Amino acid sequence: MSALTAMPAVVAVNTFREAVRDRVLYNLIFFAFLMMGAAILVGQISIGIERLVIINLGLSAISAFGLVMAIFIGVGLVSKEIEKRTLYSLLAKPIRRWEFIAGKFGGLLLTLIVNTSVMTLGVLLALVYVGHPYNPYAKEVVIAVYFILLSLALVTALALFFSCFSSPMLSTLFTLGIYITGVFSEDIRGFGEVTNNKLLLAVTRVIYYMIPNFHNFNAIAIASHGQAIPFRQVWQNSLYALLYVVLILFAASAVFSRRNLK
Amino acid sequence: MTAPAIEILGLTKDYPVGFWRKRMRRSLDSLSLQVEEGEVFGFLGPNGAGKTTTLKLLMGLIFPTSGTARVRGRSIEDVAMHREIGYLPEQPYFYDYLSARELLSYYARFHGFSAAERRLRVDRSLERVGLTQAANVQLRKFSKGMLQRVGIAQAILHEPQVIFLDEPMSGLDPVGRREVRDIILELRRQGRTVFFSTHILSDAEMLCDRVAVLHQGKLQGIGAPGEIVSLELQGMEILFEAREGRALPGGLAQRATQTGGRYRIEVPEADIYGVLGQLKDCDARILSVSPVRPTLEDYFFRLVKSEPHPAYAVEVGAR
C-alpha cells in the first residue's frame, strides 16, 4: 500500500467496521424480503413484464436504500467524531486531516459497495426465479447499478463536505437539496431557457453547471427495457463523478483542515 | 546541543464569542515555556485557566492566533511530530463499538507496526494499565475510570518520547491514581518527557520535576515545586496525644485541634521549646514535630483568591 493511501485505508476500514457494528447492513434483510415478495407476486400478476417490474423495483430500491445510507451516515461522518470527541486522540496520531477525510469517504463508499453488491445479487436471483436463468439484461443491470454507485459516491462526498462545518440536520437538508436539484437540473435549465428573463436564464445556467447532474446517472429505465447502454456513457459518467468527488473532497479537506476542534 | 523536548513560544489563542456581534476572548495569552528531555512537567491551574487550550494547540486540534511551538525540534504543524508524542485528552471518549484491544490495534496501525508487533504492543499496553481481563469487552461497557486507562494505554502504546496527559487522574479511584502515578514515574525512569495538566496539586508536588502555573490564560510562575512557593518557614506543627486524666494548659487547649484522640497545634518557630515544655509538664505524648512550609496548594489558592472574578477567559476586543 502506498504512503498516500495507507492512512486513509486504516480510517476507511474502521469506518466500514463501524457501519457493520451499527447494524447498517441489516437493511439487506428488508431488501431480501422485498425482492422475494416482489418475485413471487410479479410471477402471479404480470404477464410477460416480470423482468421489467423486477429490474425497475430492484434498482429503484437499491438507489433509495443507498441514498438514505449515504446521506444519513455521511452527514455524521465528521460531526459525530467531533461531537463525541473521538477525533481528539485520533488526530494526535501521525495522520493528516485530509487523510482522515479521504478515509471516512472510502469507508462509507466501501459500505455502500458491499450493500449495493449484495442487493444486485438479490435482483439477479429474483430474475432467475421469475424464469430467466440466462438473463440478457444482466449486463445492463450491472451498469445501471454502477451508475447508482457513482451517484451515491457523489452524495457521500457532499454529505461529508457539509459534515465538516455543519450540524447533521442542516447537512441532511443541504445534501438532499443538492441531490433533488441535481436530479431536476435538466428541467431547471429548460425552465430558464423558455423564459425570456436574462437573469433567470443566467441563474438556472449557473445552477445547471454548478450542481452535479444526478439525472445522468439514472439508467434504470434503459436497463429494465433491455436497451444497450453505450460504453461512451460509462466512461463519461465515471469521469464526471470522479471529477466532482475529487473537487468536493478537496473542498471538504480544505474546510476541515482549518477547523478548530473546540 | 539537543533541542528541548517542548518549546512553546508566545502561544496565544483568541476565541470568537457572541452570535450577532462577534467579540474575541483570549483564553491563552503569550505563553512561553520550555520543557527539557526527561522531565516530568506539571501544568497547573484552575478550571478555565487555559491548560486544555494549550494542550489542544500543541496537538494541532486548534490553531494559535499567534505564536508557535516545537516538540523535539519539530513544529507542531509537522505531522511527523505526532510520531514522537502520545496524548491523553481530557475525559477521553473512544469508538464504543470497538473493544479495548481493537481500539489499540487500530491506533497502532497509524504508526505502521507489523501485525505481530501490533499484537505485542497492544498486549503490553493493556497489561500496563491493568485492562488485560477486559481487553475484549466493547468500550461502551467501560466505566469512566476504565476509559481513562484505555486513554493512557493508547498514549503510551507506541512508546513515544514525549507524553501529554490532560488531567490523567480524573475519574480514577485511589488505586487507579496510584497506578497512573507509577506509570508516570516509570516513564521518567525510561527517560521520557511527561507533560501533564492537573488541578490535583499533591500529584504535581509528588511527581513533577518542574511545574508551571497558569491563571486566566497567563503564566504565573514556573519552576520546581519548591521554587514556585516560598521556602520560608511558616511555623512548626506539633502532633501529640494527651495523657488520660491530664488536662491541657488553657492556652494550648484553645489553639489545638482535636481529631480522634490526637491533637494538632501550629506554633511560631520561636515558641516551639516553650510549647514542648508545657506539653512535657502535662505528660503529653509527642507524636511528631515538623516544619510548616507553604504548599503548592497554598500558592494556588492565593492566586485564585487574589482575583475578584472567577478564572474565565479575558475579552480582548471586537472582531
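1. Let's start with B:Arg72. It has 19 C-beta neighbours inside 10 Å, so it counts as partly exposed; the cut-off for buried is 20 or more. Bear in mind that this is a predicted model. The residue sits in the loop between β4 (66-71) and β5 (74-75) of chain B.

2. You'll find B:Glu159 in the loop between α4 and β7 (162-166) of chain B. With 14 C-beta neighbours inside 10 Å, B:Glu159 counts as partly exposed.

3. Now for chain B as a whole. The C-alpha atoms take up a box of roughly 75 × 55 × 45 Å along the principal axes. Chain B has 319 residues, and 40% of them count as buried. If you take the contacts between residues at least 6 apart in sequence, 73% join residues at least 24 apart.

4. On domains, the assignment for chain B gives domain 1 (6-228) and domain 2 (235-292). Taken over C-alpha atoms, the centres of domain 1 of chain B and domain 2 of chain B are 45 Å apart.

5. Next, the contact between the chains. Chain B puts in 24 residues and chain A puts in 20 residues. On the side of chain B that touches chain A, the elements giving two or more residues are β6 (85-88), α2 (100-109) and α4 (144-156) of chain B. Which of these gives the most? That would be α2(B), with three residues. By class, this side of chain B has 17 nonpolar, five polar and two charged residues.

6. Finally, the pairing of α2(B) with α4(B). How do these two helices lie, roughly parallel or roughly antiparallel? Their axes come within 10 Å and cross at roughly 25 degrees, which makes α2(B) roughly parallel to α4(B), since angles under 35 degrees count as such. The crossing of α2(B) and α4(B) is right-handed.

7. As for who meets whom in that pairing, α2(B) brings B:Ala100, B:Leu103, B:Leu104 and B:Tyr107, and these meet B:Val150, B:Ala153 and B:Gln154 in α4(B). The residues of this contact of α2(B) with α4(B) divide into six nonpolar, one polar and no charged.

Technical notes. Residues are numbered from 1 along each chain as its sequence is written. Chains are lettered from A and ligands numbered from 1 in the order in which they are written. This is a predicted model: local features need pLDDT of at least 70, side-chain atom pairs count only at pLDDT 80 or more; totals for chains, interfaces and linings use all residues. A residue is buried if 20 or more other C-beta atoms lie within 10 Å of its own, exposed if 12 or fewer, and partly exposed in between; C-beta atoms are placed from the backbone. Two residues are in contact if their C-beta atoms, placed from the backbone, lie within 7 Å. Helices (H or I, at least four residues) and strands (E, at least two) are DSSP runs, numbered from the N terminus. Ala, Val, Leu, Ile, Met, Phe, Trp, Tyr, Cys and Pro count as nonpolar, Asp, Glu, Lys and Arg as charged, and the others, Gly among them, as polar. Axes are lines fitted to C-alpha atoms, for helices over the stretch in contact, and angles run from 0 to 180 degrees between N-to-C directions. Angles under 35 degrees count as roughly parallel, over 145 as roughly antiparallel, 65 to 115 as roughly perpendicular and the rest as oblique. A crossing is left-handed if the near helix is turned anticlockwise from the far one by less than a right angle, and right-handed if clockwise. Domain bounds come from an automatic or database domain assignment.
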